[in-house]
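User: I'm new to reading protein structures. Please take me through this one feature by feature, in plain words.

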Amino acid sequence: LDRRGQVWERIVQVAGGLMAERGMAATSVEQILLAAGVSRGTFYSYCRNKSDLVVALIEPVFEEGARAL
């Protein structure tokens, strides 16, 4: 992955871990930013809001399920 891809992967992995631990509603964008070590501007250059990030987290699960059918 290039640098941009690595940053996005880090954001997604950190967000997934925090949401698994605390729940989606209880995990703020600010917590994700701090844990991932990225700025608010960086975060929003990848997604419009936390909902976009949640979609990025669950999309692979649905794709895998669709392939299994």
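Predicted model: local features only at pLDDT ≥ 70, side-chain atom pairs only at ≥ 80, totals over all residues.

User: Where in the chain is Ser 39, and which side chain does it have a polar contact with?

Analyst: Ser 39 sits in the loop between α2 and α3, which covers 40-46. Helices (H or I, at least four residues) and strands (E, at least two) are DSSP runs, numbered from the N terminus. The side chain of Ser 39 makes a polar contact of 3.0 Å with the side chain of Thr 42. A polar contact is a pair of N or O atoms within 3.5 Å; within protein, one must be able to donate a hydrogen and the other to accept it, and residues adjacent in sequence count only if both atoms are side-chain atoms. As for Glu 21, that residue is 18 residues from Ser 39 in sequence and 22 Å away in space, C-alpha to C-alpha.

User: What should I look at in α1?

Analyst: Try its span. The expected span of a helix is 1.5 Å times one less than its number of residues. α1 has 20 residues and reaches 28 Å from first C-alpha to last, close to the 28 Å expected. Gly 23 comes after α1, with a positive phi near 100°.

User: Which residues of α1 are buried, and what covers them?

Analyst: The buried ones are Gly 5, Val 7, Ile 11, Val 12, Val 14, Ala 15, Leu 18 and Met 19. A helix has 3.6 residues a turn, so residues three or four places apart point the same way. The cover over the buried residues of α1 includes α2, α3 and α4. Elsewhere in α1, Glu 9 counts as partly exposed at 34% relative accessibility.

User: At what angle do α1 and α4 pack?

Analyst: Two packed helices are described by the angle between their axes and the distance between the axes. Axes are lines fitted to C-alpha atoms, for helices over the stretch in contact, and angles run from 0 to 180 degrees between N-to-C directions. For α1 and α4 the angle is about 90° and the axes are 10 Å apart. That makes the two helices roughly perpendicular (65 to 115 degrees; under 35 is roughly parallel, over 145 roughly antiparallel, the rest oblique). Contact means heavy atoms within 4.5 Å; on the α1 side the residues include Trp 8 and Gly 16, and on the α4 side they include Lys 50 and Leu 53.

User: Thr 27 next: is Thr 27 buried or exposed?

Analyst: Thr 27 is buried, at 0% relative accessibility. This residue lies in the loop between α1 and α2. A polar atom of its side chain is 2.7 Å from the backbone oxygen of Gly 23. Beyond neighbours within four places in sequence, Thr 27 is in contact with Leu 18, Met 19, Arg 22, Ile 32 and Lys 50.

How values were computed: Residues numbered from 1 in each chain as written. Heavy atoms only, no water. Buried < 20%, exposed > 50% of the residue type's maximum accessible area, 1.4 Å probe, protein only.
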